[in-house]
Amino acid sequence: MGTASDIKLIDENNIRLDGRGPDELRPIKIETNVLNRADGSSFIEWGGNKIMVAVYGPREAYPKHNQDINKAIVKARYNMAAFSVDERKRPGPDRRSVEISKVVSEALEAAIMVELFPRAQIDVFIEVLQADAGTRIAGLTAASVAVAAAGIPMRDMVVGCTAGKVGNKIVLDLSKEEDNFGQADLPMGILPKSDRVVLMQMDGDLSVEEFEQATSMIMKATKRIAQIQREALTKKYEIQQKEQGE
Amino acid sequence: MTETKQIVIPGDEIERTNEKVRNGAYKCGQDKYCSEYFGIVQRNEQFIDIVPFTGPYFPRKDDKIIGKILEIGPSMWTVDINSPYHSLLHMNDTPWRTSAGDIKRYLAIGDYIYGKIMSINELRESWVTLKDAGLRKLEGGHIISIPAPKVPRIIGKGGSMVNMIKDATGTRIVVGQNGLIWLDGIPKNIMIAIDAIKMVENEAHTVGLTDRMEAYLESKKGEIDGNSK
């Protein structure tokens, strides 16, 4: 956040570096069931982000002392590939990925009906193959699709989106440059049906008005992303239905 | 006209008038029900069910299942029943005269059994029994697995689908409620039966599947061994 720079991230006509308006999302593409061994899987391309998610379980939780006799535990593991960023990332868990794994696990746990699977564990592996700002919410969005595709009961889907402050203006879905040189970044995870917030973090400073503007922008965008999730899931089955109808 | 079944994803509200919502939905407001699963909506006059496309198997009492022996204790076998939790089979629940400490003579690790869920508690610990008509150790044959929610489709109304595949291919088939299927017969015929089952699995959410299966099995008739036309 806030590294001084001469780059003008947003111009007088509210056009951003990559030609988007302030409330425009980057293109999102989701595919499901891309891995045969996993119980559910998905692949998301969100702007320059490329993320693969695999879901296993519910299965008996190990080590046994981690089991919860009242509910299943959701274990998400966020991992960045060494080649996912400009300079080689040292492989293995670090401070940042441990934190993201924790917040994503908790966001998913709010949607999954964990009380149906006492003593069990649901593993969610989020592998970032190419990173381009907003990987945690892209990973969360894809993870929720993969969990649904695995047939695990959920109350709602989980949708992630970011907003931020760039050149003193509030914009949606920050790109890499805006993330690095902007003034604030606000990733959020939402249950689109009930508008409940399951993940919220903030980097940088926003005034109360700016914060409200940013959250309302995110709330609107999540409806669009939820629609993309729905299409990703139903796509495969609808083609078969059409073939049959002919 | 082909009837298309409605597809829902988790959180979708289910439209209803007077029907009762039975499986796969939760209460999400005053007199409102939302789907828990990514699946299809199945309606009749009384009930609405959400049938997921795939998912884990939940053991229920009296389900007949196919299990694999994982571990042997002094008086119990641990059985993998294709569910999030393992199940147990006690030596007294078998038809054999067993004595503690020497039970691996009857069932060894890796053997398959056709058993019944005897009891299950709120911790999802379950026990299997082999003491009922038709329950046994499955010797020889071939095991395949399908998602447990698709089992009713494989069986068909009153067993019509699986009986059709059995008769047409001349194989012995045992379908477990947990999604494991045991097939025995001539290898070539087994392969045809597996193809037929995979076809049902892939098209389980479509309408008019029995007719297409009949046509498919008819087209395979020439390839089946020991089946005079």
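**Around helix α2 of chain A**

Tutor: Helices here are DSSP runs of H or I with at least four residues, and strands are E runs of at least two, numbered from the N terminus. This is a predicted model, where local features need pLDDT of at least 70, side-chain atom pairs count only at pLDDT 80 or more, and totals for chains, interfaces and linings use all residues. Residues are numbered from 1 along each chain as its sequence is written, while chains are lettered from A and ligands numbered from 1 in the order in which they are written.

Student: Which residues have the most contacts inside the largest nonpolar core?

Tutor: Among them are A:V53, A:L108 and A:V124, in a core of 79 residues. Helix α2 of chain A (residues 135-149) gives the most to this core, ten residues. A core here is a set of buried Ala, Val, Leu, Ile, Met, Phe, Trp, Tyr and Cys residues joined through C-beta atoms within 7 Å.

Student: And what is A:L108 in contact with?

Tutor: Leaving aside neighbours within four places in sequence, A:L108 is in contact with A:V74, A:A76, A:V124, A:A143, A:S144, A:V147 and A:V158. Contact means that the C-beta atoms, placed from the backbone, lie within 7 Å.

Student: New topic: which peptide bond involving A:P63 is cis?

Tutor: The one joining A:Y62 and A:P63, with omega about -5°. A:P63 sits in the loop between β3 and β4 (73-80) of chain A. The peptide bond from A:G57 to A:P58 is cis too, with omega near 0°, and A:P58 is in strand β3 (residues 49-60) of chain A.

Student: What about A:A133, what's its phi?

Tutor: Near 70°, a positive value in a residue other than glycine. A:A133 is in the loop between β5 (120-130) and α2 of chain A, and it is buried, with 24 other C-beta atoms within 10 Å.

Student: Is A:N168 buried or exposed?

Tutor: A:N168 counts as exposed, with 8 C-beta neighbours inside 10 Å. A:N168 also has a positive phi, about 65°, although it is not a glycine.

How values were computed:
A residue is buried if 20 or more other C-beta atoms lie within 10 Å of its own, exposed if 12 or fewer, and partly exposed in between; C-beta atoms are placed from the backbone. Two residues are in contact if their C-beta atoms, placed from the backbone, lie within 7 Å.
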